[in-house]
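Please look over the sequence and the model shown below before reading on. The paragraphs that follow take up a few of its features in turn.

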Amino acid sequence: MNQDAEQTAPLAHYKVLDLSQGVAGPYCAHLLSRQGAEVVKVEPPDGDWARHVGLSREGQSSLSATYNAGKRSIAVDARQPGGGALLRRLAEGADVVIQNFRPQVVQRMGVDYDSLRAAGMNPVYVSISGYGPTGPYADRPATDSVMQADSGLMAANRDAQGRPQRVGLLLADIAAGVYAAQACTAALLGKARDGRGRHVQLNLFEVCCALQSTVLAENALCGGQPSAGVSAPNGVFAAADGFITLLALNNDQFERLCRALDLPHWLQDARFASNALRLAHKRELHAELDALIARHPRAWWEQRLDAQGALHASVQNLCDVVSHPQAAHLQSFAQLEQPGFGSLLYAASPWSPLGRRPGVAPRTGEHSAQILAEAGFDAQQVQALIASGVVRQSEEAA
């Protein structure tokens, strides 16, 4: 990212108060930061709970480092007298407030949308919850795994035996963060036009439903019966040295695949004359491909498939993705010198040149005194807040 791009990041000069913890809210705020916004992360004195999940070193986990890179941190004990008032003071200077607490929690702290509006503030306010603020499931706890099960994502991701499987990443949380960031920037655009703040409300359940819109529609059309898929052949096949995915979505792509795999008899077979017919005979197609693809390594097949422009890809492991030739060309990955981890791999902005490089993820309360000073507290007031335990300043930064 060059200096000009850094200076023209679209959200430069916008200020975000990130009250959220975990993944969805922090990722939303992180994306806004990558687009130029200044993000202050508010944490309890013990830090965001995500700091202690998975691989963790020196008060930072790979998860929290990923989703909080580029932010500054202030640690506030909102349970103490004065904690809520401090949060409202910080909200006064924010263009965006992000939170993912239950409604009664933010109301108790006095930083819910209605309370801020009543106090004369006009922010774009982002609320992220599991099931939404009302309804029979509003108070149910919701983690990514719970949501993948309850929204049908696991059922849509069945294995060959039909057993539901969890998608192997925090898909519900990550998708919610992306949806929230997009809705937030849309709300900021609306505010720039009419001067009115907005309350953006998202929940993980509806995010997962939106992700599956086509799957849910097809399921309804099929009367709840398992779908045969969108095309045939279409699947993952074992080569001599790994797996490769092959597919054809229309007749032209089917012809290319047949030429690449030297299967001229498929082109003469009336059973395979259209995608609908191929879907009806998917089992026969896949059985022949299983036996054929196993004869040679992936590189051998890729050369033939590339020559015909057939749809295919080797199934890469995670290390392969990082060293992928296209990733090298696009500079898709970089290293972040994160305290506690040393050199930490991170994925570059997918919407270059609208973004900027992230800074390191902060320690809990690393910037507390600095943020308080910027909010108008003098040195004596800052020290009093720290001494009373309302605010924690990390010892490393003290």
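Is C184 buried or exposed? C184 counts as buried, because its relative accessibility is 0%, where buried stands for under 20% relative accessible area, exposed for over 50% and partly exposed for what lies in between, with a 1.4 Å probe and protein chains only. C28 is likewise counted as buried, at 0% relative accessibility. This is a predicted model, in which local features need pLDDT of at least 70 and side-chain atom pairs count only at pLDDT 80 or more, while totals for chains, interfaces and linings use all residues. Residues are numbered from 1 along each chain as its sequence is written, and side-chain values use heavy atoms, with hydrogens and water left out.

The structure holds 0 disulfides, a disulfide being a pair of cysteine sulfur atoms within 2.5 Å. The sulfur of C184 has its closest cysteine sulfur in C28, at 5.4 Å, and is therefore too far away for a bond.

Elsewhere, 3 strands form an open, antiparallel sheet in the order β9-β10-β11, where strands are DSSP runs (E, at least two residues) numbered from the N terminus, and two of them pair if DSSP finds at least two bridges between them. Its edge strands, β9 (234-239) and β11 (312-314), each pair on one side only. Strand β10 (residues 242-247) is joined to β11 by 3 bridges and runs antiparallel to it, and T245 stands opposite A313 in β11.

Finally, V322 is found in helix α17 (residues 318-322), helices being DSSP runs of H or I with at least four residues. V322 is partly exposed, with a relative accessible area of 37%.
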